[in-house]
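Subject: Structure for you to look at

Hello,

Here is the structure I promised to pass on. Please open it beside this email and follow along.

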Amino acid sequence: MTVRPIRYLGDPVLRRPAKKVRRVDDSLRRLIADMTESMIAAQGVGLAAPQIGVSLRIVVIGMPDEEPYALINPVIVRRSGERRLDEGCLSVPGYRGNLTRSVRVTVKALDEHGREVRIKAEDDLLAQALEHETDHVNGILYVDRLDSGDDLLKLESPYAAAREAAAGAREAAAGARERAAAEGAP
Ligand code: NI
């Protein structure tokens with residue numbers, strides 16, 4: 001299994017409707033293993049194949065405290081209700097958005113053994129992930145679903161916060177040295 005680099009907004013592979021999987025075999029299961037490992041490494045709850053540069057209709061879902069699983073050729077067969085949610089994406093780092101998603105979602109897909117499965121979710125993180133990841137294989141990103149630019153929020157970079165903390169510590173140290181010098185201490 002290999003952690004593969006995540007593709008970011010601006011990469012054309014994220015905008016291409018992905019190809020349908022025709023055969024579920026060992027090479028596909030190896031790809032799914034890489035996707036799962038890449039999702040876990042990036043601390044995501046879902047990942048679609050185009051996000052690692054592979055234009056195939058495959059997503060992996062990794063809900064907290066649950067075994068991750070793959071959905072091949074996922075199709076949303078039912079959705080209903082509306083709710084406002086906060087959402088992010090591994091391919092759009094540093095941002096979150098506020099958008100409308102469904103309350104109830106049913107997805108039909110194949111599992112990694114080629115068996116047909118139906119996943120139902122209601123009013124939870126899974127329902128959100130099912131819509132988000134199915135969008136990915138259709139070349140859609142959550143930023144496309146925002147009502148306006150005001151619904152996109154830039155997150156403060158953890159590096160910027162660390163730099164500020166370091167600068168604060170240097171200032172405090174310099175202040176302490178100045179005070180010590182003024183008091184004639186060594
Ligand atoms: Ni995403």
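First, a term: contact, or touching, means heavy atoms within 4.5 Å. This is a predicted model, so local features need pLDDT of at least 70 and side-chain atom pairs count only at pLDDT 80 or more, while totals for chains, interfaces and linings use all residues. Residues are numbered from 1 along each chain as its sequence is written, and side-chain values use heavy atoms, with hydrogens and water left out.

Start with Thr100. Not counting residues up to four places away in sequence, Thr100 touches Glu82, Arg83 and Arg84. Thr100 sits in strand β5. Helices (H or I, at least four residues) and strands (E, at least two) are DSSP runs, numbered from the N terminus. Buried means under 20% relative accessible area, exposed over 50%, and partly exposed in between (1.4 Å probe, protein chains only). Glu66 is 34 residues from Thr100 along the chain, and their C-alpha atoms are 26 Å apart.

Now take Asp151. It is in the loop between α2 and β8 (152-154). Asp151 counts as buried because its relative accessible area is 19%. Leaving out residues up to four places away in sequence, Asp151 touches Arg84, Arg96, Gly97, Asn98 and Leu146.

Next, the metal. Which protein atoms are donors of the nickel ion? They are Cys89 (SG), His132 (NE2) and His136 (NE2), at 2.1 to 2.3 Å from the ion. Donors are N, O and S atoms within 2.8 Å of the metal (3.2 Å for Na, K and Ca); water is not among the atoms, so sites may look incomplete. Along the chain, the spacing of the nickel donors is C-x42-H-x3-H. Cys89 and His132 link distant parts of the chain, 43 residues apart. Cys89 is in the loop between β4 (83-87) and β5 (95-101), and His132 is in helix α2 (residues 125-137). Both Cys89 and His132 are buried.

Then the sheet. Five strands form an open sheet in the order β1-β2-β3-β6-β7, with antiparallel pairing. Two strands pair if DSSP finds at least two bridges between them. The edge strands, β1 (46-48) and β7 (116-122), each pair on one side only. From one strand to the next, the twist averages 40°. β2 and β3 are antiparallel and share four bridges; Val60 has Ala70 in β3 as its bridge partner. Strand β3 (residues 69-80) and strand β6 (residues 104-110) are also antiparallel, joined by six bridges. There, Ile72 has Leu110 in β6 as its bridge partner.

Two helices lie across strands. Helix α2 lies across β1, β2, β3, β6 and β7, at about 110° to β3. For these angles, axes are lines fitted to C-alpha atoms, for helices over the stretch in contact, and angles run from 0 to 180 degrees between N-to-C directions.

Last, look again at Cys89 and Arg96. Both are among the residues closest to the centre of the largest pocket.

Best wishes

Note on methods: On a 1 Å grid over the protein atoms alone, a cavity is a set of points where a 1.4 Å probe fits but cannot get out, and a pocket is an open set with protein on both sides within 12 Å along at least five of seven lines; lining residues have an atom within 4 Å of a point.
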